[in-house]
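Could you walk me through this model, stop by stop? I have it open in my viewer and would like to know what to select next.

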Amino acid sequence: DHRIKMCRLAFQSLPKAVVSTAEQKSFQRMVEESMTQQEVEALRVGTADLLEMLMEEEPDTDFSFCLGADTFIDLTAWKWRRSKDVLKLLDGRLVVLHRKGM
């Protein structure tokens with residue numbers, strides 16, 4: 001909830017920007033797969049999980065991903081969970097930005 005509130009604050013000056021709750025939805029969807037409480041507490045929804053859910057819900061949409069150059073380096077150094085899946089799912093639709101001070 002805190003992350004959603006912070007995103008809404010960050011994007012409030014952009015009238016066409018929509019802050020999605022898809023990550024929460026993806027988490028809830030995974031929880032509903034009859035997990036124990038201990039499994040729920042350890043559950044982490046990754047970018048690949050979220051992309052798979054979004055692509056399943058909107059198969060005619062080509063999703064793109066925007067990230068900072070420092071994060072892109074981590075992604076392509078395979079430091080993310082399912083890094084290769086993320087790149088495959090996005091099929092090159094990445095926007096990489098230089099972040100000042102990084």
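Here is a short tour, from the overall fold to single side chains.

**Before you start.** This is a predicted model, in which local features need pLDDT of at least 70, side-chain atom pairs count only at pLDDT 80 or more, and totals for chains, interfaces and linings use all residues. Residues are numbered from 1 along each chain as its sequence is written, and side-chain values use heavy atoms, with hydrogens and water left out.

**Stop 1: the whole chain.** Show the cartoon and you will find 6 helices and 2 strands, in the order α-α-α-α-β-α-α-β. Helices (H or I, at least four residues) and strands (E, at least two) are DSSP runs, numbered from the N terminus. The C-alpha trace spans about 45 × 35 × 30 Å along its principal axes. Of the 102 residues, 25% are buried (under 20% relative accessible area; exposed is over 50%, partly exposed in between, with a 1.4 Å probe and protein chains only).

**Stop 2: the largest pocket.** Select R3, C7, S20, E23 and L50, which lie nearest the centre of the largest pocket among its 24 lining residues. Two or more lining residues come from each of α1 (2–11), α2 (22–31), α4 (47–57) and β1 (65–68). The lining divides into 15 nonpolar, 6 polar and 3 charged residues (Ala, Val, Leu, Ile, Met, Phe, Trp, Tyr, Cys and Pro count as nonpolar, Asp, Glu, Lys and Arg as charged, and the others, Gly among them, as polar). On a 1 Å grid over the protein atoms alone, a pocket is an open set of points where a 1.4 Å probe fits, with protein on both sides within 12 Å along at least five of seven lines; lining residues have an atom within 4 Å of a point.

**Stop 3: F65 and W80.** Next, show these two rings, the 1 aromatic pair in the whole structure. Their centres are 6.1 Å apart and their planes at 80 degrees, so the pair is edge-to-face (centres within 6.5 Å, using the six-membered ring of Trp; planes under 30 degrees apart are stacked, over 60 edge-to-face, the rest tilted). F65 lies in strand β1 and W80 in the loop between α5 (69–76) and α6 (83–90), so the pair ties together parts 15 residues apart in sequence. W80 is partly exposed, at 22% relative accessibility.

**Stop 4: S83.** S83 lies in helix α6 and is buried, with a relative accessible area of 4%.

**Stop 5: K84 and W78.** Finally, select K84: its charged end sits over the ring of W78, 5.0 Å from the ring centre (NZ of Lys or CZ of Arg within 6 Å of the centre and within 35 degrees of the ring normal).
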